[in-house]
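Okay, thanks everyone, I'll keep this short. Let me put the thing up on the screen and then walk you through a few spots.

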Amino acid sequence: MIFSQKSPPHSRQRPLLRELLDAALAVAFPTDCALCAGELPSDGWLRICPACCARFEAWTGPLCTRCGLPFPSPRALDASLAECGLCLRDKPAFDRARSFGFYTGKLRQAVLLMKYAGGERLGVRLGELLASPWDSLPLVSELDSPLIIPVPLYPSRRRERGFNQADLLAAGLVRALGRHNRGKAPRVAKACLRRKRATPPQTGLRVSARRENLRGAFEVLKPQVVRGRAIVLVDDVMTTGATLSACARALKRAGAAQVMGLTLARATPQFPDLMRIERDNTVDGLGREWT
Ligand SMILES: [Zn+2]
Ligand SMILES: [Zn+2]
């Protein structure tokens, strides 16, 4: 999913087309890192140099205990055990959701590269980053084997792209968890959840409209697989959580005991300041700015 955000007046956001063009150029000239223009190692199939890969930063500040929305102000620090206004007003169907970092700066660029420049191997590498928020999902470690379900794309969209980015991220997560747990990693169930209809773009829709847009969009194909289980949904970007919530609703109706969401990046258009903090660190070696 791509969400365009209303830019605050001070923002110097680059147009999406420009970003896509840069991503396409990175495919044509894969000797340079697509993020810092530094030299790639000879096996540069990731298109991002090891230094940039190591520089993706996880959010470790206070957050909404349910949906993982970061709390940006010091005042909110005191409320770090609380849920955000969004969750209090309209409880999502998932039990918990966490993201690795913000959908901004180099992480956003990497997501675009993965989705629109055929970055399949990059997708698996980025999926490894999900092992960090995985550890912070309450209860996950106590559950005997949570089942990982990538959020499905509508079939025509998947054919167009050639892959589902959520599948790549899930594969990377499993690889990282297997490494940490000496080969024991949870199972990924792919053909279990289906997107029944192509949903109109969520861009520009308010929370309630996003939820309405996705009502009944997902169906569980194999209820026997999810019944009584804890499920961890995996996706690339979360904004309001409407997609995760719609998936969770379908899974719970089919008998899932617990549904959690893990995404690579959280888009926080409601907190332009949070976006700006990271933007200060996103001027690369050539003076180009990734926003
Ligand atoms: Zn780099
Ligand atoms: Zn929340």
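So, let's begin at Asn213, which sits in helix 10, residues 207–214. Keep in mind that this is a predicted model. Is Asn213 buried or exposed? Its relative accessible area is 12%, and the cut-off for buried is under 20%, so Asn213 counts as buried. If you want a distance to go with that, take Thr243: 30 residues away from Asn213 in sequence, and 9.5 Å away in space, C-alpha to C-alpha.

Okay, zooming out. The protein has 13 helices and six strands. Of its 291 residues, 53% count as buried. And if you take the contacts with a separation of 6 or more, 72% of them are between residues 24 or more positions apart.

The average pLDDT is 80, with 76% of the residues scoring at least 70. Where does it stay under 50? Residues 1–11 are one such stretch, and there the model has 28 contacts beyond four places in sequence. Residues 277–291 are also below 50, and that stretch has 37 contacts beyond near neighbours in sequence.

Next, strand 2, residues 147–150. Both of its faces are covered. Leu147 and Ile149 are buried on one side, Ile148 and Pro150 on the other. As for its partner, strand 2 pairs with strand 5, residues 230–238, in the parallel sense, over four bridges. Look across from Ile149 and you find Leu233 in strand 5.

Over to helix 6, residues 120–127. Buried there are Leu122, Gly123, Val124, Leu126 and Gly127. What covers them? Among the elements doing that are helix 5 (105–116), helix 7 (131–136), helix 9 (165–180) and strand 6 (258–266).

Arg161 is buried, yet it has no salt bridge. Leaving out residues up to four places away in sequence, Arg161 touches Lys115, Tyr116 and Leu153.

Okay, that's my tour. Over to you.

Technical notes
Residues numbered from 1 in each chain as written. Chains lettered and ligands numbered in written order. Predicted model: local features only at pLDDT ≥ 70, side-chain atom pairs only at ≥ 80, totals over all residues. Heavy atoms only, no water. Buried < 20%, exposed > 50% of the residue type's maximum accessible area, 1.4 Å probe, protein only. Lys, Arg positive; Asp, Glu negative; His and termini not counted. Salt bridge = Lys/Arg side-chain N within 4 Å of Asp/Glu carboxyl O. Contact = heavy atoms within 4.5 Å. pLDDT = per-residue confidence, 0-100. Helix = DSSP H or I, 4+ residues; strand = E, 2+ residues; numbered from the N terminus. Pairing = 2+ DSSP bridges.
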